[in-house]
Amino acid sequence: MTGEPIAEALLVDERMIYILCPICGELHTHGSGGLENISYGGRVQHCYWPSKIVPEPNLGYDIQPSERTVIKRDGLATSKDLKQFRGILAESKKNFRAWLKAEEKKIKEQKKREARERWNNMIRKQKQ
Ligand SMILES: [Zn+2]
């Protein structure tokens, strides 16, 4: 699974892995396959790419644990367990929106430059 974005596993219980999505910045869940042998690795995203301007990245991401991954061994995760990640999730969404906005701006400016160039070339040809 090379070249795919990394999805950080935040919380794992015997049923689910709760991940930070590198595609949209939101929280998603995938099956964990149990705590004995947690099935990290490649998955297909559940979300839609939130931009018509910035091209959609390739489908999928690679789920990986990090130093802040919490493994919950006493039952299934509840919304109370997820509350501890509120700050991380808010930051992830904020960073993602800022990144997307900056990318959209870059692409719009590039298109404007190209349109101006086309126009200038047309004028130049007419003068010849
Ligand atoms: Zn997503």
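This is a predicted model: local features need pLDDT of at least 70, side-chain atom pairs count only at pLDDT 80 or more; totals for chains, interfaces and linings use all residues.
Q: What distance separates the end C-alpha atoms of helix α2?
A: Helix α2 covers residues 86-127, 42 residues in all. At 1.5 Å a residue, α2 should span 62 Å. The model agrees with that expectation, for the end C-alpha atoms of α2 are apart by 62 Å.

Q: Does α2 lie largely enclosed or in the open?
A: Burial takes 20 or more other C-beta atoms within 10 Å. Of the 42 residues of α2, the number buried is 1. So α2 lies largely in the open.

Q: What share of the residues in the protein chain is buried?
A: The count runs over the 128 residues of the protein chain. In helix α2, the number buried is 1. In strand β2, 4 of the 5 residues are buried. For the protein chain, the buried share is 16%.

Q: What is the strand order of the open sheet?
A: The sheet has 5 strands with mixed pairing. Strands β1 and β5 pair in the parallel sense over 6 bridges. Strands β1 and β2 run antiparallel, joined by 4 bridges. The order is β3-β2-β1-β5-β4.

Q: Which strands stand at the edges of the sheet?
A: An edge strand here has a single partner strand, so one side is left without a neighbour in the sheet. Strand β3 is joined to β2 by 5 bridges, and β4 pairs with β5 over 3 bridges in the antiparallel sense. The edge strands are β3 (27-31) and β4 (41-43).

Q: By what angle are neighbouring strands of this sheet turned against each other on average?
A: The sheet is open and holds 5 strands. Direction is ignored in taking the angle. The average turn is 45°.

Q: Which residue in the turn of the β2-β3 hairpin has a positive phi?
A: Strands β2 and β3 run antiparallel. Their hairpin leaves 6 residues between them. Leu-20 has Leu-27 as its bridge partner in β3. The turn residue, with a positive phi of about 85°, is Gly-25.

Q: Which residue in β2 is the bridge partner of Val-12?
A: Strands β1 and β2 form a hairpin with 3 residues between them. They are joined by 4 bridges. In β2, the partner of Val-12 is Ile-17.

Q: Which residue in β5 is the bridge partner of Ala-9?
A: Leaving aside neighbours within four places in sequence, Ala-9 is in contact with residues including Ile-17, Ile-19, Tyr-40, Ile-63 and Pro-65. Strands β1 and β5 pair in the parallel sense. In β5, the bridge partner of Ala-9 is Pro-65.

Q: Is His-28 buried or partly exposed?
A: His-28 is found in strand β3. Beyond its neighbours within four places in sequence, His-28 is in contact with Ile-19, Cys-21, His-46 and Cys-47. Burial takes 20 or more other C-beta atoms within 10 Å. His-28 has 19, so this residue is partly exposed.

Q: How far apart in space are the C-alpha atoms of His-28 and Ile-17?
A: The two residues are 11 residues apart in sequence. His-28 is found in β3, and strand β3 is joined to β2 by 5 bridges. C-alpha to C-alpha, His-28 and Ile-17 are apart by 8.2 Å.

Note on methods. Residues are numbered from 1 along each chain as its sequence is written. Two residues are in contact if their C-beta atoms, placed from the backbone, lie within 7 Å. A residue is buried if 20 or more other C-beta atoms lie within 10 Å of its own, exposed if 12 or fewer, and partly exposed in between; C-beta atoms are placed from the backbone. Helices (H or I, at least four residues) and strands (E, at least two) are DSSP runs, numbered from the N terminus. The expected span of a helix is 1.5 Å times one less than its number of residues. Two strands pair if DSSP finds at least two bridges between them. Axes are lines fitted to C-alpha atoms, for helices over the stretch in contact, and angles run from 0 to 180 degrees between N-to-C directions.
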